[in-house]
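Please look over the sequence and the model below before reading the notes.

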Amino acid sequence: MSTISDLRRDYAGDFLDRDNTPETPWPLFSEWLNAAVESERDDANVMTLATADNEGMPHARIVLLKHFDENGMVFYTSYQSHKGSELGTCPYAALVFWWPTLQRQVRVEGHVEQVSSEASDAYFHSRPQASQLGAWISQQSVEIPNRQWLDERTRRFESAYQDNEVERPPHWGGYRVVPAMVEFWQGQPSRLHDRIRYCWRAADGHWLKSRLAP
């Protein structure tokens with residue numbers, strides 16, 4: 001019987017080299033994300049978000065990327081959740097994208113800021129009503145007695161908003177991770193993977209690109 005120590009896969013992805021990558025990370029990230037949309041479908045925007053609490057204990061969970069541009073990566077959540085509380089204390093985070101079909105990984109590290117109320121409103125009102133109500137129904141990360149508690153809140157909010165537009169809860173909105181580092185990883189045979197890292201140099205407003213050993 002095989003054990004987890006026996007589990008392994010060999011990688012054979014496209015080659016990634018410092019000389020054939022752009023001077024900023026955004027064109028390459030856009031290219032890889034578009035490829036992931038084709039290969040991973042609904043999971044292309046899945047990313048691990050890691051934060052730290054006020055004692056330095058790290059916490060990680062899966063969230064969804066909902067927007068990105070040269071200013072950073074945006075996701076939405078409750079400001080009162082554990083991650084919201086942690087970001088209020090330590091406004092720094094790390095992200096990891098993993099696209100197994102493409103044998104690619106992207107790591108992002110940087111500081112975190114809330115997006116504007118206008119941006120949060122616009123995204124909230126683009127969501128299905130069931131998802132909008134979910135932001136009100138779920139007191140995210142709070143201990144609850146049972147599933148029936150959640151079902152009862154669902155019925156109450158569905159009744160209250162049956163014929164009304166759902167407004168965005170004041171405790172719900174977007175965060176933007178503003179990268180100081182973006183690393184692209186492309187799987188290669190014999191664990192000799194390709195790694196290209198971009199580091200933001202605030203002093204002169206440029207990205208420094210380098211190749212890392214596997």
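Predicted model: local features only at pLDDT ≥ 70, side-chain atom pairs only at ≥ 80, totals over all residues.

A contact here means heavy atoms within 4.5 Å. Among contacts in the protein chain between residues at least 6 apart in sequence, 65% join residues at least 24 apart.

**Overall make-up**

- The protein chain contains five helices and nine strands.
- Read from the N terminus, the order of these elements is α-β-β-β-β-α-β-β-α-α-α-β-β-β.
- The C-alpha trace spans about 60 × 55 × 40 Å along its principal axes.

**Burial, surface and charge**

- The protein chain has 214 residues, and 40% of them count as buried.
- Its accessible surface is about 12500 Å², and carbon and sulfur atoms account for 50% of that area.
- There are 22 positive and 30 negative side chains in the protein chain.
- The centres of the positive set and the negative set lie 4 Å apart.

**Annotated region**

- UniProt, in an unreviewed entry, places the feature "domain: Pyridoxamine 5'-phosphate oxidase N-terminal" at residues 35–151.
- In the model, residues 35–151 are 31% helix and 37% strand.
- The end C-alpha atoms of residues 35–151 are 39 Å apart.

**Aromatic pairs**

- Rings of Phe, Tyr and Trp count as a pair if their centres lie within 6.5 Å, and by this rule the count comes to 18 aromatic pairs.
- One of the pairs is Tyr123 with Trp172, which is stacked, at 6.2 Å centre to centre and with 10° between the planes.
- Tyr123 belongs to helix 3 (residues 117–124) and Trp172 to strand 7 (residues 172–186), so this pair links distant parts of the chain, 49 residues apart.
- Tyr123 and Trp172 are both buried.
- Trp172 also pairs with Phe124, and this pair is edge-to-face, with 5.4 Å centre to centre and 65° between the planes.
- Because Phe124 lies in helix 3 and Trp172 in strand 7, their pair ties together parts that are 48 residues apart in sequence.
- Phe124 and Trp172 are both buried.

**An aromatic cluster**

- Which residues do ring pairs link into a cluster?
- The cluster consists of Trp26, Phe29, Trp32, Phe68, Phe97, Trp99, Phe184, Tyr198, Trp200 and Trp207.

Key. Residues numbered from 1 in each chain as written. Heavy atoms only, no water. Helix = DSSP H or I, 4+ residues; strand = E, 2+ residues; numbered from the N terminus. Buried < 20%, exposed > 50% of the residue type's maximum accessible area, 1.4 Å probe, protein only. Areas by Shrake-Rupley, 256 points an atom, 1.4 Å probe, with all protein chains shown as cover. Lys, Arg positive; Asp, Glu negative; His and termini not counted. Charge placed at Lys NZ, Arg CZ, Asp CG, Glu CD. UniProt positions renumbered as here; feature names shortened; annotations may be inferred. Phe/Tyr/Trp six-rings, centres within 6.5 Å; stacked < 30°, edge-to-face > 60°.
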